[in-house]
Amino acid sequence: MYDFRTLVDRRGTMSEKWHLIEEDMGPGNDDVLALSVADMEFKPAPQIVAALVDAARHDVFGYDYATDAYYDALIGWMRRRHGFDVARQWVRLSDGVMPAINAALRAVSRPGDKVIIQRPVYYPFTVVAEANGLTILDNELRVEQDGTYVMDVEDLARKAADPRCTAMIVCNPHNPVGRVWTADELRTVADICIDNDVTLLSDEIHADFAYPGHATTMLGTLGERYRAHCMEFTAPTKTFNLAGLACSNVIIADPGLRRAFDIAAANIGGLTVSHFGLVACQAAYEQAEPWLDELLDVLSGNLALVRDFASGVDGIRLVEPEGTYLAWLDCRGLGMDADDLCDFMRRRARVYFDEGIMFGASGAGFERVNLACPAAMLSQALERVAGAIAAR
C-alpha cells in the first residue's frame, strides 16, 4: 500500500547522514552508501505530509500550544500501542528527547553528582551528562555465550548505592544492541534505583519498534510505585521519520518530579515543540498507524537480509535485535582494530555505518547498521561488505 522501495536521493538536501560522508571522507565519495544516523530513507506517511501541507497553506506561524486534540492523539496512541493509560497532566513537551533528558538531569542532579548509563549505549547520554558536570558510572552490559546482552545487576546495585549517584538513564529498546528489556528486568532495575533514591530516566524513543516475540514495556505500566520514581521520554520522530520536525513528549506521573522538571526546563530557556512538530505528531498518532504496521514488516524483511549476510560471511556475527531499526554487527572476527575497521568499511567496502566505538569502549569492533532503507539499498551495501572481505 505504501512505497518503501523507492530510494530518495538525499545528498545535498541538508541530510546530516549523507553530509557526514563528505565531511569525514572528503569530496569525491558520492558512491559511498550511508546506513548510519538513525533516520530513515523512507518518505513519511502521506497522511502526515498532507497535514503539513495543509498547515503550510493555511496557518500563521506564530506561538503555539498543544491542543486537546494533540493530547488525545498522544494518549490514544500510548493506550493502543503500549497499554499505557497516560493522564494529560503527566505530559510535558520538548523539541527532542535529548534536550528533555538534559533538563531532567538538571532537575535531579547537581554538578559533581553521578549518573549510571549502560554502555555500549547511545553516545549523547555521555555528552549530556558530562556537559552538566556529572560523573559517569558505567554499568556495562554483559554478553552471554550466545551473544545476547544482559544487565549486570550486581554491578548496578553497587553503583546505585553510591551516595552521589542521583540518576540512571535506561535505554528501552536499547540503542545500539537492540535488547527490548522485559518487564522483570525493568522491575529489577527500578527496584534498585528506588531503594537507593536514584531517579530513573527511561529513553523510550524506539518503543514502537519491537520484533515478533517481543513487546516494549514502558516503565510507567509497571505500576504506581515505579511511575513515582521515573521520567519517560517518547517521540513520534523515530517511528514516523520526523526527526527534523523537533517533537517529543515527556511522561512524568509524579507531581514533585514534574515541578522539578518544569523548573529545570525554565532555567535553560524552556522546552517547546515546533509548529510543524505539533501538526505532524497529531497526524501521525491519529492517521498513520497503518503506515507503521507496514513498515514493521519491511524492517523484518531487511533484518532477514542482514541475518543471511552475517551467517554467510566469516568474521561477522549479527547480534539478534529484539527492537529498534538498527542492527549491531560483531565484526571482531575480522581481526581489525576500531580504526582499521572504520577505514575498511568506508574506503574498501564503500559503506558508511556508525562505528561501534562511538557507543563506548565495549563497542570497539562492532558496526551499527541502519535497516530503515529500501531493501535494494541494504542488499547493495551488504554485497559490498561481503565482496571487500572476500578480496582481503
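Before going on, a word on the model. It is predicted, so local features need pLDDT of at least 70 and side-chain atom pairs count only at pLDDT 80 or more, while totals for chains, interfaces and linings use all residues. Residues are numbered from 1 along each chain as its sequence is written, and side-chain values use heavy atoms, with hydrogens and water left out.

**Stop 1: around Arg 368**

Stay with Arg 368, which sits in strand β15 (residues 366-370); strands (E, at least two residues) and helices (H or I, at least four) are DSSP runs numbered from the N terminus. Show side chains and look for two polar contacts: one to the side chain of Asp 354 at 2.6 Å, and one to the side chain of Asn 175 at 2.9 Å. A polar contact is a pair of N or O atoms within 3.5 Å; within protein, one must be able to donate a hydrogen and the other to accept it, and residues adjacent in sequence count only if both atoms are side-chain atoms. Beyond its neighbours within four places in sequence, Arg 368 is in contact (heavy atoms within 4.5 Å) with residues including Val 37, Ala 38, Pro 176, Trp 328 and Phe 359.

**Stop 2: Asp 330**

Now select strand β12 (residues 326-330), where you will find Asp 330. Asp 330 also counts as buried, because its relative accessibility is 7%. Its side chain makes a polar contact of 2.7 Å with the side chain of Arg 332. Leaving aside neighbours within four places in sequence, Asp 330 touches Gly 315, Ile 316, Arg 317, Gly 365 and Phe 366.

**Stop 3: the two domains**

Colour 16-44 + 288-391 as domain 1 and 48-287 as domain 2; these bounds come from an automatic or database domain assignment. Their centres, taken over C-alpha atoms, are 25 Å apart. Domain 1 gives 33 residues to the contact and domain 2 gives 39.

**Stop 4: the largest pocket**

Which residues lie nearest the centre of the largest pocket? Select Glu 16, Val 37, Ala 38, Asp 39 and Ala 243, out of 45 lining residues. On a 1 Å grid over the protein atoms alone, a pocket is an open set of points with protein on both sides within 12 Å along at least five of seven lines, a cavity is a set where a 1.4 Å probe fits but cannot get out, and lining residues have an atom within 4 Å of a point. The volume of the largest pocket is about 1,100 Å³. Both domain 1 and domain 2 supply at least three residues of its lining. Helices α1 (16-25), α4 (97-108) and α9 (237-240) each give at least two.

**Stop 5: the second largest pocket**

This pocket holds about 200 Å³ of space. Of its 14 lining residues, pick out Tyr 71, Arg 92, Leu 93, Leu 271 and Thr 272, the closest to its centre. β2 (91-94) and α10 (255-267) each contribute at least two lining residues.

**Stop 6: the cavity**

Finally, look for the largest cavity, with a volume of about 50 Å³. Among its lining residues are Trp 77, His 82, Glu 204, Met 218 and Tyr 285. Helix α3 (residues 68-82) provides the largest share of this lining, three residues.

Terms used: Points joined across faces, edges and corners; volume = space filled by probe spheres on them. Buried < 20%, exposed > 50% of the residue type's maximum accessible area, 1.4 Å probe, protein only.
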